Amino acid sequence: NPYNLREVSFHPEMGFHLLLGFLKTVTGLSWMDLYRFAPGVLLALLAFLTYAFGHRSGFGWAAALFVPLIPTSIRTLGPAFVVPVSVAMLFIPVTLLLLNTMEEKSRGKSLWLLLGLIGGTIFIHPPTEVVITILAILYLAGFVVAALAQKRYGEGANLLLAIGVRILIPVVILGLWLPSLSQKVVEQSLSDAASSVIKLLGLHTGFLQAFGTVGMVFSIAGLSLFIARGDGVRSYMLPLFTLLLLAFLVFFFPMYRLGPDILYERGWLYLGLLMAIFAGYGTAFYFRSIPTIARLMASRLQIPLGSWMAASLWLAGVAMVLLVLITGLGANGKRQMYSQYYHVIDDSIFADFRWMGQHTTPGQMVAMGEPSLGWAYPPVAGSGTEVHQAISTPWTNKAADKVRAMLESGEADVLWLKKMGISVFYSCRPRTFVCEDLENDDLFKVRRGIYLVPDPPDMR
């Protein structure tokens with residue numbers, strides 16, 4: 001952990017950071033290049049796994065096509081960012097694929113794989129593990145009901161045991177690994193007090209509009225058709241889970257503050273993935289039904305059934321798909337307003353961080369005039385480098401306000417910088433990438449935006 005005295009971190013998302021460090025090591029890419037390419041890879045993987053889930057039921061291609069509709073914002077995050085939730089979301093379609101396999105074939109191997117997937121989510125993004133656990137429990141409960149209805153009591157008992165084990169494993173892991181955090185989350189879930197994020201930003205708005213109105217209509221139609229197909233447990237459990245998630249996001253949490261805040265913040269992404277799946281199912285259902293629709297139209301209109309009719313229906317379907325994608329991704333002002341992507345560093349700031357890392361010694365602390373840059377400094381600058389603080393907007397503190405005020409005024413408080421043990425002050429800003437000139441005769445400007453703070457005099 002480069003931010004707190006460089007001790008070994010037991011961060012709840014450490015699996016993500018280990019994975020990212022491993023990829024950087026084996027690929028030889030710089031952090032800048034890795035963060036350029038990884039979002040596209042993650043989105044492609046999510047689309048492919050969604051395709052794999054829907055392929056057996058004939059709607060894989062359509063569901064994968066609508067995955068890019070899932071909005072990304074600086075609040076909910078999402079597939080366009082290299083963040084833990086984007087990686088953990090990959091396990092949702094994998095879990096659904098395993099659960100569907102359990103209904104079709106022998107359940108023993110699938111149950112073991114289902115338990116093994118816990119390790120893929122709990123160390124990367126625990127909130128996603130909670131969501132996957134609830135999803136698995138719903139499906140397994142459906143299997144139990146089906147088994148008991150057919151008087152397969154032994155199978156029902158085994159499935160009940162599987163539910164217990166599926167719940168127990170993540171609870172025990174989190175209880176032993178992160179006891180204080182687990183206790184805090186439970187207390188927060190039972191309290192109706194608003195979190196700091198909600199106090200600052202309010203309740204969430206805009207996600208459904210950013211997905212696209214036409215896309216929402218397709219999702220609702222697809223969900224209805226999914227239920228109507230009556231194809232065993234899978235026809236009811238996934239729609240039930242989706243409706244429960246929607247109720248939590250738009251009613252139970254806003255009204256009663258039920259559940260941890262992080263599930264509310266990230267739950268919209270899970271909803272977006274499920275909406276893409278149902279929109280894909282509805283689309284594939286339409287294209288499969290074209291021959292039937294053509295025959296019905298020919299019968300009603302009393303005209304000969306020709307190939308032109310099926311071709312016309314196929315073209316209409318393509319036009320509808322394009323309409324969903326255009327109104328969701330392109331001509332959607334709500335999506336642009338919702339996303340508000342931020343660009344923290346560019347190539348010039350990246351190069352500055354590398355230069356400072358090479359020209360500072362262990363123990364020399366760097367302060368960012370905009371503290372949000374602090375998150376990026378130690379990984380880029382290299383092992384042994386230290387940053388004064390890293391704090392994300394909209395949060396702040398007295399020290400962050402102090403250094404921001406220096407940038408605004410253009411005057412550096414050298415005495416305060418020395419008191420804080422700061423050796424280097426960096427005056428470049430994120431987003432605009434403008435470097436402010438600071439006025440103080442005691443500072444030494446050694447490079448664009450980089451100022452050396454003289455050491456305090458030795459009082460011995």
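This note goes through the aromatic pairs, charged contacts and a surface patch of the model above.

1. The model is predicted, so local features rest on pLDDT of at least 70 and side-chain atom pairs on pLDDT 80 or more, while totals for chains, interfaces and linings use all residues. Residues are numbered from 1 along each chain as its sequence is written, and side-chain values use heavy atoms, with hydrogens and water left out.

2. The structure holds 21 aromatic pairs, a pair being two rings of Phe, Tyr or Trp (its six-membered ring) with centres within 6.5 Å, where planes under 30 degrees apart count as stacked, over 60 as edge-to-face and the rest as tilted. One of them joins Tyr264 and Trp268 edge-to-face, at 6.2 Å centre to centre and 75° between the planes. These two residues are 4 apart in helix α15, which means a separation of about one helical turn; helices (H or I, at least four residues) and strands (E, at least two) are DSSP runs, numbered from the N terminus. Tyr264 is buried at 1% relative accessible area, and Trp268 is buried at 6%, where buried means under 20%, exposed over 50% and partly exposed in between (1.4 Å probe, protein chains only).

3. Phe353 and Tyr426 also form an edge-to-face pair, with 5.7 Å between centres and 65° between planes. Because Phe353 lies in helix α19 (residues 347-359) and Tyr426 in strand β3 (residues 422-426), the pair ties together parts that are 73 residues apart in sequence. Phe353 is buried, at 0% relative accessible area, and Tyr426 is likewise buried at 0%.

4. A search of the whole structure finds 12 salt bridges, each defined as a side-chain nitrogen of Lys or Arg within 4 Å of a carboxyl oxygen of Asp or Glu. Among them is the contact of Arg75 with Glu265, at 2.8 Å from N to O, which links the loop between α3 (60-66) and α4 (84-88) to helix α15 across 190 residues. Both partners, Arg75 and Glu265, are buried.

5. Lys402 and Asp413 meet in a salt bridge of 3.1 Å, N to O. Here Lys402 is partly exposed at 30% relative accessibility, and Asp413 is partly exposed at 28%.

6. On the surface, Val250, Phe251, Phe252, Met255, Tyr256 and Leu258 form a nonpolar patch with about 580 Å² of accessible area together. Such a patch takes residues with over 30% relative accessible area and no salt bridge, joining nonpolar side chains (Val, Leu, Ile, Met, Phe, Trp, Tyr) within 5 Å and like charges within 9 Å; accessible areas come from the Shrake-Rupley method with a 1.4 Å probe, and for residues only the protein chains shown count as cover. Leu258 sits in the loop between α14 (234-256) and α15 (261-288) and is partly exposed, at 43%.
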